[in-house]
Every structure is written in C-alpha cells, then in structure tokens.
Amino acid sequence: MTQRSDIRVQLLPHERAVLRKWNATPDVQDQLEALAPDVEVATIKLTRVDLDWLIGDLNHAIVKLDCDDEDAHDLCERLEFILESGKGSLRAWY
C-alpha cells in the first residue's frame, strides 16, 4: 500500500468559489462543501494527483470553455506553484 502524501492548501473565499465551479474531483468537492462559507481562510488536504487534476480542470475551463475569470487564471498559477514547491500556505505564495 502506498502512503498518501497530503499537502495542506489554504484557500481564500474567491479561490474556493473557483474550485466549486470548475473542479470535477469528488474528494475536493466534498472537502469544499464541508467548509463554513464565512471562513476567510480555509484549509483542505490535496495530494499531488489532486493538484494535477485541479490544474487540468482549470486549464480545460480556461482553454476549452472560454473561462476568462482572472481568479481562475490566478488560482491555476498558484496550484502549479504548490505542485512544484509542496507549499500550500498563503504566506508561501504572497
């Protein structure tokens, strides 16, 4: 059995809204739905595979579905950074 390596990813409300709209990963949707909507910074756990899928979902939305949402572009870039660095905190990004 392989060990699941989770990366704790902090998300702001507008980032969570982007993921709710464009993400097709059930485990991520479940985590997002469990979060209180009024929380400013929420943390979910993602594997590198989850991150790869989310990046793919966002890229698909941007390229194939004509998503011109700046938040989607920014989040895709941030998720790529998290995938490369393993750092999911907002402090690491900003």
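How many disulfides does the count come to? The count is zero, with a disulfide taken as a pair of cysteine sulfur atoms within 2.5 Å. The sulfur of C67 lies 9.9 Å from the closest cysteine sulfur, in C76, which is too far for a bond. Both cysteines are otherwise hidden. C67 is buried at 8% relative accessibility, and C76 is buried at 4%. Buried here means under 20% relative accessible area, exposed over 50%, and partly exposed in between (1.4 Å probe, protein chains only).

This is a predicted model, in which local features need pLDDT of at least 70, side-chain atom pairs count only at pLDDT 80 or more, and totals for chains, interfaces and linings use all residues. Residues are numbered from 1 along each chain as its sequence is written, and side-chain values use heavy atoms, leaving out hydrogens and water. The protein averages a pLDDT (the predictor's confidence in each residue, from 0 to 100) of 91. Of the residues, 96% score at least 70. Confidence is highest in β1, at a mean of 97, and lowest in α2, at 93. Helices (H or I, at least four residues) and strands (E, at least two) are DSSP runs, numbered from the N terminus.

Start inside. The largest nonpolar core has 23 residues. Such a core is a set of buried Ala, Val, Leu, Ile, Met, Phe, Trp, Tyr and Cys residues joined through side-chain atoms within 4.5 Å. V9, L11, I44, L46, L58, L75 and L79 have the most contacts inside it. At least two core residues come from each of β1, α1, α2, β2, α3 and α4 (70-85). Take L58. Beyond its neighbours within four places in sequence, L58 is in contact (heavy atoms within 4.5 Å) with V18, W22, A72, L75, C76 and L79.

Now turn to helix α2, residues 26-33. V28, Q29, Q31 and L32 are buried there. They sit on the same side of α2 because they cover an arc of only 160 degrees around the axis, taken from the directions from the helix axis to the C-beta atoms. P26 and E33, on the other side, are exposed. The cover over the buried residues includes β1 (7-11), α1 (13-22), β2 (42-46) and α3 (48-63).

The structure holds one salt bridge, meaning a side-chain nitrogen of Lys or Arg within 4 Å of a carboxyl oxygen of Asp or Glu. The side chains of R78 and E15 form it, at 3.1 Å, N to O. R78 is in helix α4 and E15 in helix α1, 63 residues apart. R78 is buried at 1% relative accessible area, and E15 is buried at 4%.
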